[in-house]
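Open the structure in your viewer and keep the selection tool ready. The stops below go from one part to the next.

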Amino acid sequence: MPLLGHINGKSASRAKTIDTVAIPFTSGPITGELAATRNIRALGWTEYVLPDSSYYYHHAEWRVTTDIDLRNPKKLQIVTEYLREKLPRETTMPPPAGWELWLKDVGVMKREVVPVKSWVNHQMRIITSEPPPLITGEGLIMERFSEDDKLDMEYRYWGFLEGHPAHAPLPAETHTEAMDALKWSYTDCLLPAARPAPPPFAPQECQELMNLLRSSDPSSKNAVVVQTRLVSRVLLRVAQWRQIYYRPDKPLPPDAIKGAPETRVPFRRALLDFFISCLCLGIPFIFMTRTHHHSFDEESGLHAAGPMLMLSACSCIVAAVILSASVTLLSLPQIDDVARLTGFLAITFSASSMVASVLALFRYKTDIDRTVVYIGSEGFRHLSRSRVIMSLPLVFLAWAIAAFMTGITFYSFRGASVTNRMDVKHPFEAYTHWAVVGTLGALGGMLFVAALLSRR
């Protein structure tokens, strides 16, 4: 199977390896596809077809790369008019040395073409929407970008190079950088250090990737393309690892990877997540990012489950207290049906919290024992089973406390002691009822004000 094809028909470019020089057309009638191919070549474009059937086009003279399907005559006309007429009025064409223009189509409709430009600098490894500096203007100063912006631009750059590995040479130092990242990760696997994050690669991954990087043949063009894509994937994993463990509050740009699946959550899944969130009181969202931060056992080389063990132990103790108090509530005299039902619910939720604490601890231990970083796995964009399981001890405990407090309240307000047929004693007078309501309202107001102030 060819690694890289050029513009001599879709079937031909996928069936055999074709040289990068101009290719003579076969004799016979000129079909619409061959006519489009002639127009593309006549305008200076070169098509690159990758083994995954993805393709892109590059114009060497204009230094422009695009993912728009130029075999479509209408799209080819729109792109040509945009580059020849509209773009020169906005910036200098072709771009300055070291820069490259990347055109993407962001049109919503199928036949709509809305080109959006981005500027690529292979030396600084950035992709930005700002045009490159002119010779007489101010240069692009990297110091004015924050560390988060630099990580996003680097992630976009490696995503661009992974999807467009054939037209531009790989920077010389990136091969060494990828090898150093693999060696560093392999060292952390063999000699674990007290760090809060596991290495981005497993030991077997490090060995196989380093062997692939060493065995590449620089004289073969196909091997160079493979090496470019391999280095890009390695450094993409490093950037994703940095975001997950050192910047979990801000995700990477979702549109950086070419051909990445849409991140839109289906309506049924969104509705299910909303229902589970309401049922669990929103507690699973606490574990969306906090489960990545845990301690490290230097002697065993495994990440310890200290925080989850402490959480499980505390929830078990509180659940046991609620369980004992609920049993006492059921033994009180003259308890009505509502208070008795809430007491049974409190007992059930307390026991469930203790059982869920053990299950959550085992699940957490299973997750942290994995040395491979699963990028784009479940739980980063919607609720996952792991987050729900880890939150179950607190969820059941919260419902147990709510049920117990409800039972106590109903017993206090509706309970009564009967000494004889004519003498019924209520435990509280009417003014006591209003005093309790006022106290609860004051506490609720304090919590509401505290929630507002915590957002600032």
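In what order do the six strands of the open sheet lie? The order is β1-β2-β3-β4-β5-β6, and the pairing is mixed. Keep in mind that this is a predicted model. In general, strands of a sheet pair through backbone hydrogen bonds, either parallel or antiparallel.

**The edges.** Select residues 45-49, which are β1, and 126-128, which are β6. These are the edge strands, and each of them pairs on one side only. Now look along the sheet: neighbouring strands are turned by 25° against each other on average, with direction ignored.

Two pairs to pick out are Val-49, opposite Tyr-55, and Glu-47, whose bridge partner in β2 is Tyr-57. Between β1 and β2 there are five residues, and Ser-53 in this turn has a positive phi of about 70°. Is β2 mostly covered or uncovered? It is mostly covered, with four of its five residues buried.

β2 and β3 pair over three bridges, in the antiparallel sense. Four residues separate the strands of this hairpin, and Arg-63 in the turn has a positive phi of about 55°.

Select residues 73-90 to show helix α3. Which strands does α3 touch? It packs on the sheet and touches β1, β3 (64-66), β4 (99-105) and β5 (115-121). The direction of α3 makes about 130° with that of β4. Next select residues 147-163, helix α4. This helix lies across β2, β3, β4, β5 and β6, and runs at about 100° to β6.

**The cores.** Select Leu-182, Phe-201 and Leu-213. In the largest nonpolar core, which has 28 residues, these three touch the most other members. Which helix gives the most? That is α7, with seven residues.

Centre the view on Leu-213: leaving out residues up to four places away in sequence, Leu-213 touches His-175, Ala-178, Met-179, Leu-182, Leu-230 and Val-231. For the last stop, select Trp-62, Val-64, Ile-68 and Val-79. They are among the 20 residues of another core, which lies apart from the largest one.

Notes
Residues are numbered from 1 along each chain as its sequence is written. This is a predicted model: local features need pLDDT of at least 70, side-chain atom pairs count only at pLDDT 80 or more; totals for chains, interfaces and linings use all residues. Side-chain values use heavy atoms; hydrogens and water are left out. Two strands pair if DSSP finds at least two bridges between them. Axes are lines fitted to C-alpha atoms, for helices over the stretch in contact, and angles run from 0 to 180 degrees between N-to-C directions. Contact means heavy atoms within 4.5 Å. A nonpolar core is a set of buried Ala, Val, Leu, Ile, Met, Phe, Trp, Tyr and Cys residues joined through side-chain atoms within 4.5 Å. Buried means under 20% relative accessible area, exposed over 50%, partly exposed in between (1.4 Å probe, protein chains only).
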